[in-house]
Amino acid sequence: MSSLVKEDLEKKLFKPLSQNLYEFIEIEFSVQDRYYLCVSVTKNEEVKIIMVKHYRIGLDEKYEVTKKWSLNDLRMIDGKEADTDNPFFDLHFKKVYSLEAYSCASKYAFARTVNKLNHAYLKKDLQIVNFDATYINDDSIWSSNNKDCLVLMRICFYAFNLVCLSLCPLPL
């Protein structure tokens with residue numbers, strides 16, 4: 001489903017703007033409409049963070065840019081609480097925008113992408129606070145471009161531990 005939305009966003013919104021869409025997450029911004037927080041790169045290699053409103057007219061999907069920021073203006077991403085599994089985070093520009101991602105995993109995916117594009121294009125000192133650094137940094141053994149790989153690896157690890165424990169003899 002998300003790959004279809006990404007293709008549609010690219011075709012209808014980002015390609016006409018001459019931008020490459022790197023990541024998008026669904027955010028809880030309004031009860032009536034769907035909103036996406038997108039990270040894209042322009043032809044001039046400028047990284048943009050764009051809030052997009054998604055709505056339908058008849059059978060046609062429409063997208064409207066509601067807010068647009070430059071990564072250069074982003075001062076900090078605050079994940080609120082690193083120790084809890086919550087989807088809330090703040091983007092600190094000149095103004096602070098409090099957002100709620102669809103899930104905690106998508107919040108981390110957004111922060112990972114912003115961090116990666118910052119290192120690739122700007123190399124500025126961007127503060128990413130209240131996130132578990134293990135899942136944000138690319139140099140971590142747990143990081144992966146394929147987000148499902150991390151989940152699968154953890155499931156395999158737990159399953160292996162359960163098998164090992166079930167094979168252990170019980171002391172009499």
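Cys 164 counts as partly exposed, because its relative accessibility is 32%. Here buried means under 20% relative accessible area, exposed means over 50%, and partly exposed lies in between (1.4 Å probe, protein chains only). Cys 156 falls into the partly exposed class too.

| Residue | Relative accessibility | Class |
|---|---|---|
| Cys 156 | 45% | partly exposed |
| Cys 164 | 32% | partly exposed |

The disulfide count is zero, where a disulfide is a pair of cysteine sulfur atoms within 2.5 Å.

This is a predicted model: local features need pLDDT of at least 70, side-chain atom pairs count only at pLDDT 80 or more, and totals for chains, interfaces and linings use all residues. Residues are numbered from 1 along each chain as its sequence is written, and side-chain values use heavy atoms, without hydrogens and water.

Now the sheet. Four strands form an open, antiparallel sheet in the order β1-β2-β3-β4. Strands (E, at least two residues) and helices (H or I, at least four) are DSSP runs, numbered from the N terminus. Two strands pair if DSSP finds at least two bridges between them. β1 (19-27) and β4 (60-70) are the edge strands, each pairing on one side only. From one strand to the next, the twist averages 30°.

Eight bridges join β2 (residues 34-42) to the antiparallel β3 (residues 47-57). Tyr 35 stands opposite Lys 53 in β3.

Helix α1 (residues 2-14) packs on this sheet and touches β1, β2, β3 and β4. Contact means heavy atoms within 4.5 Å. The direction of α1 makes about 130° with that of β1. Axes are lines fitted to C-alpha atoms, for helices over the stretch in contact, and angles run from 0 to 180 degrees between N-to-C directions.
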